[in-house]
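Thanks for taking a look at this one with me.

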Amino acid sequence: MNAPPDSAWSRVDEDAARWVVRKEGAKLEPDTLAQFDAWYGADPLHAQTYDALAASWRRLDQVSMLPIARKKRKSRVKTLASACVLMGASFYAWQMFEQQGLINSGVEITQLSLPDGSVAILDAQTRVRLNFENGQRQVSVESGRAFFQVVSATAQTGPFTVQTGLAQATALGTRYEVSFNDQVSTVAVYEHTVQVQCQSCDTSQPVILQPGDRATVAHGQLQAQLAQSTASTHAEAAPAWTNGLLSFDDVSLREAARQLGQYTHRVIWMGSEKAEATRVSGVVQAARPAAALNLLTVGQGLQIRELPGLIVIY
């Protein structure tokens with residue numbers, strides 16, 4: 001499993017990594033060893049890729065760098081608390097921009113100072129397009145997710161609108177998150193109100209979201225999920241990811257690896273069936289995927305290894 005796919009990562013890389021884990025971890029049965037020999041000899045690139053990865057793997061053993069030393073398993077609550085302490089001690093580096101046009105955040109969480117004084121925080125792998133010409137305040141979230149802190153309109157500026165997929169979110173003085181993934185647009189409000197409208201749904205009637213509310217637009221339908229009570233509204237001023245934190249609650253390790261993979265150029269590869277079957281919970285630092293995976297898998301009997309361009313869980 002690759003999380004996420006990397007343009008520099010090929011099937012040969014994946015096969016080579018699989019064989020490195022298998023050959024370096026235990027003695028192979030004769031038929032399996034014959035399969036390896038056949039694959040190794042089938043193409044010089046196979047041999048070259050395998051030899052490079054295997055050499056890196058052995059060097060790590062020699063210098064005892066990895067796997068990262070594990071501490072005695074803590075309770076879930078203690079694990080979460082420890083993670084939060086780590087978060088406070090080390091944040092990701094934000095990049096600042098002040099421009100218009102198309103912006104890709106890459107593998108970093110990125111803060112944009114918008115021309116009107118508003119702020120946009122882009123999650124990793126997010127692409128937005130800005131249009132602030134002639135008093136307009138328009139942002140299009142083409143992929144990923146972004147959090148907005150919007151300043152009020154003036155006599156010289158228009159409403160602050162965010163377009164994503166079929167949905168348009170108009171700020172009425174607020175903090176809110178907009179995401180667009182797999183053709184699904186989502187708007188979540190953290191402060192004040194946002195008007196959400198679907199431009200191609202059966203009905204164009206807008207909905208007004210309050211703090212704690214969210215709305216999704218998918219398959220030509222706009223659905224609002226309203227906070228059940230004032231107590232259920234967002235206590236935070238912003239989602240955790242804007243502070244570089246990711247929260248997982250009983251999700252598959254594959255899904256956690258997929259999300260963490262957005263914050264690194266390296267491929268995160270699941271190297272065993274046990275890793276595939278593992279579920280994890282915890283709050284971790286997005287900017288340090290290998291350390292995050294170690295924290296999430298404490299006590300699970302798994303190992304994390306870092307190779308050039310690759311993080312292996314097995």
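**Notes for a first look**

1. Let us begin with the disulfide: Cys198 and Cys201 are joined, with their sulfur atoms 1.9 Å apart. The torsion about the S-S bond of Cys198 and Cys201 is about 80°, so this disulfide is right-handed. Are the two cysteines buried or exposed? Both Cys198 and Cys201 are buried. The count for the structure comes to 1 disulfide.

2. Please keep in mind that this is a predicted model. The chain has an average pLDDT of 80, and 80% of the residues score at least 70. Over residues 1-7 the pLDDT is below 50, although this stretch has 23 contacts in the model beyond near neighbours in sequence. Another stretch to treat with care is residues 62-96, where pLDDT stays under 50. For residues 62-96 the model has 55 contacts beyond four places in sequence. Where pLDDT is low, the predicted coordinates should not be read in detail.

3. Which elements sit at the two ends of the confidence range? Helix H4 (residues 76-89) has the lowest mean pLDDT among the elements of the chain, at 38. The highest mean belongs to H5, at 94.

4. Arg258 pairs with Glu255, and the closest N and O atoms are 2.8 Å apart.

5. How many salt bridges does a search of the whole structure find? The search finds 9. One of them connects Asp123 with Arg145, where the closest N and O atoms are 2.7 Å apart. This pair links distant parts of the chain, with the partners 22 residues apart. Asp123 lies in the loop between strand S5 (119-122) and strand S6 (127-131), while Arg145 lies in strand S7 (residues 137-149). The two partners also fall into separate burial classes: Asp123 is buried, with a relative accessible area of 3%, whereas Arg145 is partly exposed at 24%.

6. Glu142 bonds with Arg127, with the closest N and O atoms 2.8 Å apart. Glu142 belongs to strand S7 and Arg127 to strand S6, and this pair too links distant parts of the chain, 15 residues apart. Both are partly exposed, Glu142 with a relative accessible area of 23% and Arg127 with 28%.

7. In one of them, the rings of Phe36 and Trp39 have centres 6.3 Å apart and planes at 35°, so the pair is tilted. Both residues lie in helix H2 (residues 30-42), 3 residues apart, about one turn of the helix. Phe36 counts as buried at 6% relative accessibility, and Trp39 is buried at 12%.

8. Phe36 has another aromatic partner, Tyr40: this pair is also tilted, at 5.5 Å centre to centre with 40° between the planes. Phe36 and Tyr40 are 4 residues apart in helix H2, again about one turn. Tyr40 is partly exposed, with a relative accessible area of 28%. Which residues make up the aromatic cluster? Trp19, Phe36, Trp39, Tyr40 and Tyr50 form one cluster.

Conventions: Residues numbered from 1 in each chain as written. Predicted model: local features only at pLDDT ≥ 70, side-chain atom pairs only at ≥ 80, totals over all residues. Heavy atoms only, no water. Salt bridge = Lys/Arg side-chain N within 4 Å of Asp/Glu carboxyl O. Buried < 20%, exposed > 50% of the residue type's maximum accessible area, 1.4 Å probe, protein only. Disulfide = S-S within 2.5 Å. pLDDT = per-residue confidence, 0-100. Contact = heavy atoms within 4.5 Å. Phe/Tyr/Trp six-rings, centres within 6.5 Å; stacked < 30°, edge-to-face > 60°.
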